[in-house]
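Visitor: I have a model open on my screen and would like to learn how to read it. Could you walk me through it, starting with how the chains meet?

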Amino acid sequence: MSQGLNLPVKPQPAPQDELFEHLVESSTDFAIYTTAHDGTATSWNIGAERLFGYLATDIIGSSADVIFTEEDQAAGEPRTEREGAARHGRAANERWHRRRDGSRFWASGSLVPLRNPEDGFVKIVRDRTEVYRANAALRANEERFRLLATSIPQLVFRTRPDGHRTWGSPQWIDFTGLTLEESVGLGWLDAIHPEDRLATQEAWEEARERGEYYVEHRIRRGAEGEYRWHQTRARPVDPGRDGAGDWVGTMTDIHDLRGLQDRQGVLLAELQHRTRNLLAVVQSIASQTIRKSPSLTAFRNEFEGRLQVLSRVQGILARSDHKDIDLRTLLDAELTAHGDGALETGRITVEGPPVVLPANSAQAIALAVHELATNAVKHGALAQDSGRLAVRWDFAADETRPGVLLEWNESGVAMPEDASPRRRGYGTELIERALPYQLRAKTRLEFRPDGVRCTILVPVRAREAESP
Amino acid sequence: MMNEVSSSTGQEAAPPDGLRGRRLLVVEDEYMIAMELVRTLEEQGAEVFGPAGSVEDALGLLEEGLPPLDAAVLDINLRDERVYPVAEALAARGVPFVFATGYDSAAIPAPYSSAPRCEKPVDRAQLARALARIWSR
């Protein structure tokens, strides 16, 4: 190359170099100039004019060292470069350069001695600012990625599109206890739960089609540690490369979230069970009420009353979060619904210690009390001014287990002669059959001349019987 | 008490005696639902044993030695107990069963999740079909 660069020191070109002269002169992307051995410019092409901002007429005869930055000039870089070129036949470098207006640009330069070193050098400079900036941006991106990948709580990895890992973040190493060397390739699968490994690998096949990897699997903490559920996602770094390039992924700990989801699933199943069971109860009440109702009007009254009991009980259960329920709360709700102010006037007395009953006995007891109260309003203590109703309860035990004895005592009632057969129906069945069946309660229902008396002995767990 | 009111209105259109001669055990803790199930099954000609309202009662009935059963209809949640010990005892005796429950199959553990299941409130025709299916296997 140097033989073709036999540029004359003087402006008159030799004829055989005319073609080359034109080439150099018209080259706009490259700054090409020659200097004397001391750096004095001797020729200056159009590319140099464009790049450095000095016209050939301005600089020829002056030192071309002005294209170096002030720092480089002060450090003697121009001279060092010339000495290097003279010694090694060429000096190449990338550095900041300076334009006439003081602005700087990044350029690669090459300084070559002319055939006769005494004649000086030829220098070719190309603006590389764009490439330099792109590289700098790339470095900054990589630094940002490294910073992000190593500071987020997720476990980050780089991988080939087939799951062969090329890098794992320090968090991965910390969490699994696997070193980078142990993790690369398919080594990382060692930390995946054996039952999840197949799905983990199969997800890569799907990922290559979808352009995104997704799997939920268990990852072992430490060599002997617990497995925790993680959600792993990965995407190609450069989707334009048709999936052939590296993928970057994260593994997020979703163990606690899954635990919550599982519990929510259980709650939902329970809710569904309760709802459907309640519907089945409604269905059976409807069907039994139909069979015992002489008319549609009678059916409507009875059925609506019973639905309202279920509704009140649901309200009480909801407030107690379906845990133990307070007997007085349950009784008050029913008596208030039927008593028409009789609670306040003293015609009804309600007495008993605080007692909690299991939630699943609430419905049956409330329905029984509803039937008793309905009867009292129609024919008994709440139908006649002289009538009185006393509802009392206390702790009591039968031979085998602790219980609560609930007494319903009507008095001062002139019972109609045929009262007992008329009310022998749904309410009677509920008290005499349903409570013993469902709650193992012992019940007794009497239609006495001065009113109805009913006793219900409900077994409770020992803890409930100890209530203050 | 049920006997005195068993006059059927006839508006439910299931085969009147599709269960004629079948011996069935009913396990259901809610009395009203149990009575309804018993009535439905008896109306279709079945001979019903139980109802049992708890695992203990159901196992007790099986221990006592019932005549050979054709099938059982089981509620799953019995006063906070699960019916599975009864299902196991039935399976050991070769008695097939149908769940009548408010639970979805997803909430039922293996191996019982694959057992026939009627959703509450139970439709009598659906229950009859489920029983017919287990007998036709």
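**Where the chains meet**

Guide: Happy to. In this predicted model, 34 residues of chain B are in contact with 29 residues of chain A.

Visitor: How much area do chain B and chain A bury between them?

Guide: First the general idea: the size of an interface is often given as the accessible area lost when the parts come together. Here chains A and B bury about 2,900 Å² between them, with 50% of it on carbon and sulfur atoms.

Visitor: How many salt bridges cross the interface of chain B and chain A?

Guide: The rule finds six salt bridges across it. To look at one, go to A:R440 and B:D57, which form a salt bridge with their closest N and O atoms 3.4 Å apart.

Visitor: Which elements of chain B give two or more residues to the side that touches chain A?

Guide: They are α1 (31-43), β2 (47-52), α2 and β7 (117-119) of chain B. The largest share, seven residues, comes from α1(B). Sorted by class, this side of chain B has 14 nonpolar, five polar and 15 charged residues.

**The pockets**

Visitor: Now the pockets. What is the volume of the largest pocket, and which residues lie nearest its centre?

Guide: For any pocket, start with its volume, then ask who lines it. The largest pocket has a volume of about 910 Å³. Its lining has 28 residues, and those nearest the centre are A:H273, A:R274, A:H322, A:N360 and B:D80.

Visitor: Which element supplies the largest share of that lining?

Guide: That is α10(A), with 10 residues. In chain A, α10 (255-292), α11 (296-319) and α14 (359-378) each supply at least two lining residues. By class, the lining has eight nonpolar, nine polar and 11 charged residues.

Visitor: And what about the second largest pocket: what is its volume, and what lines it?

Guide: The second largest pocket has a volume of about 530 Å³. It is lined by 21 residues, and A:R401, A:Q438, A:R440, B:S54 and B:R79 lie nearest its centre. Two or more lining residues come from each of α16 (426-439) of chain A and α2 (55-64) of chain B. The largest share, four residues, belongs to α16(A). The lining divides into eight nonpolar, four polar and nine charged residues.

Definitions and conventions: Residues are numbered from 1 along each chain as its sequence is written. Chains are lettered from A and ligands numbered from 1 in the order in which they are written. This is a predicted model: local features need pLDDT of at least 70, side-chain atom pairs count only at pLDDT 80 or more; totals for chains, interfaces and linings use all residues. Side-chain values use heavy atoms; hydrogens and water are left out. On a 1 Å grid over the protein atoms alone, a cavity is a set of points where a 1.4 Å probe fits but cannot get out, and a pocket is an open set with protein on both sides within 12 Å along at least five of seven lines; lining residues have an atom within 4 Å of a point. Grid points are joined across faces, edges and corners, and a volume is the space filled by probe spheres set on the points. Ala, Val, Leu, Ile, Met, Phe, Trp, Tyr, Cys and Pro count as nonpolar, Asp, Glu, Lys and Arg as charged, and the others, Gly among them, as polar. Contact means heavy atoms within 4.5 Å. Buried area is the accessible area (1.4 Å probe) that two parts lose on being put together, summed over both. A salt bridge is a side-chain nitrogen of Lys or Arg within 4 Å of a carboxyl oxygen of Asp or Glu.
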